[in-house]
Amino acid sequence: MLVGAEHDAPYERPHLSKGFLLGTVPRDRLRLRPPDQYRELGVELVLGERVVELRLEDRVVMLEGGGTIAWDRLCVATGSDARRLDGFEHALYLRELPEAETLQGLIESSAGLDVIGAGFIGCEVAAVARQKGCAVRVHEALQQPLLRVLGPELGDYLAGVHRAHGVDLRVNVKSLPNMAEHVLVAVGSEPRTILAQEAGLPVDGGIVVDERGRTPVEGVFAAGDATRFWHPLLQTRIRVEHFQTAQRQGFVVGRAMAGMAEPYREVPWFWSDQYDLNLQYVGAGLTWDETITRGDFGKPPFTVFYRQGGRLVGAAGINDHHTVARVRRVMEARAPVTAPQLEDPGFDLRSALA
Ligand SMILES: Cc1cc2nc3c(=O)[nH]c(=O)nc-3n(C[C@H](O)[C@H](O)[C@H](O)COP(=O)(O)OP(=O)(O)OC[C@H]3O[C@@H](n4cnc5c(N)ncnc54)[C@H](O)[C@@H]3O)c2cc1C
């Protein structure tokens, strides 16, 4: 039984700030699976029902409407929510389909949009709005867009790309000016952990689980954006807010619930589309002390590798998915690769796996 507060059947959220907003991905292509497939798979969908309490001892969940559902094994996959900004409670946020529909209408019809936050969602929405001819101002507190994950060089490059497309990008913003009528707040997301916390499950910037999504309570699991999980390869707990990790860690947790035992050990990967650029990142956003570029920086395709103490901890490619896919395998295999090899476009990273 799959219980969800949203009225729509499960859909792919990443399109909401990209193709759906642009009009290239219609509503019916958002869904994860055709409706009939849930029945064929033996999954009962319970939509539009909010769970308000997990009664772990009684092994039931309480629904907002007053009903209860008994469970034998439970998975808490409550995802994340857009971080709210004080004073902007009535602004637009982008997490769910109805919000994307509102934003879409607004971009189509409005003369101007203010976006607070130049993270991935802010940058993607700005790109779509410009492609639709809508004037956009973006207000970012840090010195560059996407600084924390990508670093100053790529941040600067992306700032230039947005400005070249006509975005009025303001960085180092300490106080916000008077806004246009329409404001999108895109200042990150937060794990939805309240249910888990109230039920007494360990929460530390995410529901704390092991590499199979197990909580300390027998039969209770958690998966996806809401979790901070142990990663055996990285030897640390990480929280990831990206689609592929939610999906693939989710597979592992589902199998663990069914009694199968393999851990989740993939290196996280995500993508972002802005204008004609496809950015792909592999890694867990860990700190680095050195970057190495393969290709001509600023002229796609190129990739920036991030190393810490000589160890590869991440890579970000612009229109360079082959390199990112290969370096991901190198990271997963913990294969040694030198700085000159990383830098040399002629060196096939797959040969580091041999
Ligand atoms: C606009 C946007 C663009 C994105 N773009 C990208 C991208 O380009 N690349 C990428 O890798 N990732 C992207 N992401 C992130 C990606 O969508 C998430 O990582 C993914 O959706 C996480 O899946 P999840 O199932 O863990 O959580 P969610 O997708 O957040 O789903 C959680 C579900 O739980 C429900 N729920 C929460 N609490 C309750 C409750 N108490 N009772 C009942 N139901 C409840 C919620 O309503 C929601 O439907 C994007 C996200 C957004 C919002």
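In what order do the five strands of the open sheet sit? They run E17-E18-E21-E20-E19, and the pairing is antiparallel. A word on labels: helices (H or I, at least four residues) and strands (E, at least two) are DSSP runs, numbered from the N terminus, and two strands pair if DSSP finds at least two bridges between them. The model is a predicted one, with local features needing pLDDT of at least 70 and side-chain atom pairs counting only at pLDDT 80 or more, while totals for chains, interfaces and linings use all residues. Residue numbers start from 1 along each chain as its sequence is written.

Arg294 stands opposite Thr303 in E20.

There is also an open sheet of three strands, in the order E13-E15-E16, and its pairing is mixed. Strand E13 (207–209) and strand E16 (236–238) are the edge strands, each pairing on one side only. Direction ignored, neighbouring strands of this sheet are turned by 25° against each other on average. E13 and strand E15 (residues 227–231) run parallel and are joined by three bridges; Ile207 stands opposite Thr227 in E15.

Now for the ligand. It is surrounded by 30 residues, and the closest are Arg13, Gly79, Gly224, His242 and Phe270; a residue is near a molecule if its C-beta atom, placed from the backbone, lies within 6 Å of it. Strand E1 (2–4), helix H7 (243–257) and E17 are the elements that give two or more residues to the shell. By class, the shell holds 14 nonpolar, nine polar and seven charged residues, where Ala, Val, Leu, Ile, Met, Phe, Trp, Tyr, Cys and Pro count as nonpolar, Asp, Glu, Lys and Arg as charged, and the others, Gly among them, as polar.

At the level of the chain, an automatic or database assignment gives domain 1 (2–80 + 191–257), domain 2 (97–185) and domain 3 (276–353). The C-alpha centres of domain 1 and domain 2 lie 29 Å apart. Eight residues of domain 1 are in contact with 10 residues of domain 2, and the domain 1 side has five nonpolar, one polar and two charged residues.

The protein chain comes to nine helices and 21 strands. Its radius of gyration is 21 Å, close to the 20 Å that the globule rule gives for 354 residues, so the chain is as compact as a globular protein of that length (the radius is taken over C-alpha atoms, and the rule is 2.2 Å times the number of residues to the power 0.38). Along the principal axes, the C-alpha atoms fill a box of roughly 60 × 55 × 40 Å.

Conventions. Contact = placed C-beta atoms within 7 Å. Axes fitted to C-alpha atoms, helices over the stretch in contact; angles between N-to-C directions.
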